[in-house]
Amino acid sequence: SMGWLDVPKDAAKPVTLVANEGSVNLLHSSIIYDASKKRLELYAKVLQKEIFSRCRSRWPISPGVSTEHSYGTSGSPTIILSVVDEIPGVVSPEGYEIKINASLKAISLTSPSERGVLFAVGRFLRELQIDFHEAYASSLKQLCTVPPQLYIVSSPDKKMRMHQIAYRPKTNSYDHFTVEQMKRELLDLALFGANGIEMLPPGIDDSPQSPHFKVDWLVMIWEASSWCDELDLDVSIWYPLFFKDYSDPEALKKAKSHWRDIFSSFKRLDHLFVPGGDPGGRHPSDLFSVLEVKADYMKRHHFPKAKVWVSSQFGLGTSVDIGLAWWDIVKQEEDFFELLKTEKVKAFLHGVVYSPWSSCHIDKFRASVPTQYPLRNYPDICHTASCQNPVDGWDVAFFVTNLRETINPRPATFSRVSADQSEYTIGAGCYSEGVSDDVNKYVWSLSLWGDDFVGPLAKAGQAEILQRGLLQYAAVLVGVPRIASLVEEGIMSLEKDWHSGPILLSDQIEQTFHIWRKVEDNIVPRHMHNWRLNMCLFRAYYDMFIKKRLLEEDMAGKSALSTLLSFGDNLTKENLNASLSVLESAYNNESFAATFPASISKLNGGAPKVVNLTERASVGFLYSRLTALAGLLYEQIGLQLSIEYGGQHRCRGAFFDCAWTPLGDTQFLKKLIEETRVQLDKGRSTAATFLWKNAEPLLLSGGEESSAHFKGGNMIWHGSFGEMVFKGSGIGSIHDVMYPYKKYELGDDPNFFQRPLVEQIASDNDEVLSNLELGSVPRSWRSWLVTMWPHIEVKFRFPLPAISENIPAGDKLYARITYSGKDVLNLGGDWQELGRSTEDAKLLCNGHKLHDFMSSPKTTTVLELEIPSDALNSSTGHLTFELVPREAIKMRYTNPLLPVAEFALLTKGGESFVSKM
């Protein structure tokens, strides 16, 4: 005994590595490869290194021949890497067969191509039961087995399985990568079936350098493309036409100089992708004219076999980058399709790309593109808002604290989107801005590969492919094979946090947090080096932190409002001060009391104690844990969660700087109470009128007690579209009332081509954030409906019988509509430069005009409009309200239809009026 060493020995959890029954032990295996194929030695070394890192067993490598006589000659299992001409069931050069022979002494990894052998190596690793453990109390334990019936024949469904890996300042992490980290990133993707990467050049819409760079931008392009060439992965470049006028000889000269510098920095280049917009937007005739020159230059001077691809991406309808005026997004896309049919374009263009800000659904897009062109998908998998696939149903508290580039595992969504869109394409090259979408990359890769001809995924559906893929992601990449099922459950649960409705009405976040706390209780120190694990932990803690913060502010706000309601119109400065003191109960000292995680108890010796951290975790503790994880992630991979860590902006991944953005109505109430104190100088009656009129957003969105104090009439139905909550029995939910009158499931209409989008207030805009902190915007006004496309309709439909029976005799029916003001509609970050306007609209009720065309007001405005009695006599049986645009053709994301935050029906006597708040 060593005395003091007995304490950590006794405290250590016992770990047993148990092999599956009947499995074949590979701990002492060896590798042979066909030396006549140039890349197989590299693949053998990759396999050797991966095995050692996962079980501490070093397999010897030697060149050999792939014959039956060479199998297992050493008496130990041998892994054979070879290329063969034909394999039954393999229908793609990138397909493979993995098979253990009858004697269980050899496992062959074969493919018709060298590249296919690399994918076989990756799949072999993913199918292994492999692990090791070493502690003070126990010597090294190792495990590496395969099932005795191992036999897999698999081919990819899609030819292109590519990801954008951009070493540039705008990304939230890649600009911090060393060359070795970049190689590791590319290899990880390849081991899960990705067959290419896409890189970005300097000199476009970015800073020319980054304080995080370990090597020069062009050096990294050379190193990454060289590594891809060694592995035999395709290399693509996303390379827009960013000079304004290529007809200017001087501009063309500069462009050619740039082309020379960029193309000569690639060891290998298989694809040139030129986006038509974002940045860009020039008319298709100009686009194709310049692209022809660029393609010719590339082929003549650098890469004659590289394929040329183009996208439209005209949906933004404006371009700050090259200073183009507004254009008709539908007409410009139609012109694009027409020019694709010309022989001139067909002569140099290989394929077309379906991209963000394409103005029609992928099925219509594919039908409009001539069949000679393959269609590549370019899905945005990294952004959560102001993007192609925004998060559907986000609580506004999530948006203002996460913004558009957060840690965003969305496996269920993207599994569905990939499956729905794949029939129209040859595959995808996914758009990414760093590692925050890491899970999504692998979801797309696995989905694009598909099922097996023979093997565990034979005839598997999308759900099974996703589940097994995430289990392998957890085991191989997160590095926790013993708790892979727990991590897989946790990743799926993180996505559910964002889709469980209003945060305060669900316990989903607590369930997710509990899963990740169990993960923490079952890892050892070496697992803490894994950045993928730490990113997931950050999200779990962050979601819980947001929930706790919102709960604190909601409780304080409701308590203060209840105190105000108890005073009624009997307002005094003492009463108002009492309400203010209640507001200050949010984040009191008890809330910030130290609360320690279960792992701390391990330091005291003895068995670890189980602590219910889900219940006990304070806001203060959660924030301190997040701060530690943010620092750790920066050290590990340069993840820039804050501007303090060199992030460019809150909208560019530095979302942790928004952690303390107001979530509830405490700031709004504080401002309202302080303004009411000033009104007291004019008399109690004036002060009471001011208070209760301006408190209406809180009264309507609150519980029964607050709703009962609403003095504006008898409320029949009230809906807050951002909150997606409603009041009014027997009439229908928001999904029943709002066009297209149905609830969408996760992954339905991801691009919002069929319905309005719920948009949230941009806390990455400094002015907007200041207004939030000053209490100028109540929570129910922080989100609203917008239209992303010209054809989207905004309608609200109510059953007439249910409405009519709620109108008391002699009362009139009113529509109460809240239009979001320009003060909250501004976009943030680098989107701010695009500007924001709204398309004028008039409001009709069953064809009767309630108000004429109007634009978005300067500040959020509530209108109460009398509904004509004739509108209640509709033969349709419905009361339908419709916002009609002045010019629908001008509608787009930067110019949406007049946005609506709330809609209500109420009855009362008297005339209609306008109330500006």
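1. Trp309 is buried in this predicted model. Its relative accessible area is 2%, and the cut-off for a buried residue is under 20%, so Trp309 falls in that class. The residue belongs to strand β14, which covers residues 307-311.

2. An open sheet is built from three strands, arranged in the order β1-β8-β7 with antiparallel pairing. Which strands stand at the edges? These are β1 (24-25) and β7 (129-135); each has a single partner strand, so one side of each lacks a neighbour in the sheet.

3. Strand β8 spans residues 138-146 and is joined to β7 by six bridges, the two strands running antiparallel. Within this pairing, Gln129 stands opposite Thr145 of β8. Helix α2, residues 40-55, packs on the sheet and touches both β7 and β8. The direction of α2 makes about 45 degrees with that of β7.

4. In general, the packing of two helices is described by the angle between their axes and the distance between the axes. Helix α14 (residues 462-477) packs against helix α15 (residues 484-497) at an angle of about 115 degrees, and the axes are 8 Å apart. The crossing of α14 past α15 is right-handed.

5. What residues make the contact between α14 and α15? From α14 come Leu466, Gln467, Leu470, Leu471, Tyr473, Ala474 and Ala475. From α15 come Ala484, Ser485, Val487, Glu488, Ile491 and Met492. By class, the contact of α14 with α15 comprises 10 nonpolar residues, two polar and one charged.

6. The second pair consists of helix α4 (residues 179-191) and helix α13 (residues 438-449), which pack at about 35 degrees with their axes 10 Å apart. On the α4 side, the residues that meet α13 are Glu185, Asp188 and Leu189. Their counterparts in α13 are Asp438, Lys441 and Tyr442. How is the contact of α4 with α13 divided by class? It has four charged residues, two nonpolar and no polar ones.

Definitions and conventions
Residues are numbered from 1 along each chain as its sequence is written. This is a predicted model: local features need pLDDT of at least 70, side-chain atom pairs count only at pLDDT 80 or more; totals for chains, interfaces and linings use all residues. Side-chain values use heavy atoms; hydrogens and water are left out. Axes are lines fitted to C-alpha atoms, for helices over the stretch in contact, and angles run from 0 to 180 degrees between N-to-C directions. Helices (H or I, at least four residues) and strands (E, at least two) are DSSP runs, numbered from the N terminus. Contact means heavy atoms within 4.5 Å. Ala, Val, Leu, Ile, Met, Phe, Trp, Tyr, Cys and Pro count as nonpolar, Asp, Glu, Lys and Arg as charged, and the others, Gly among them, as polar. Two strands pair if DSSP finds at least two bridges between them. Buried means under 20% relative accessible area, exposed over 50%, partly exposed in between (1.4 Å probe, protein chains only). A crossing is left-handed if the near helix is turned anticlockwise from the far one by less than a right angle, and right-handed if clockwise.
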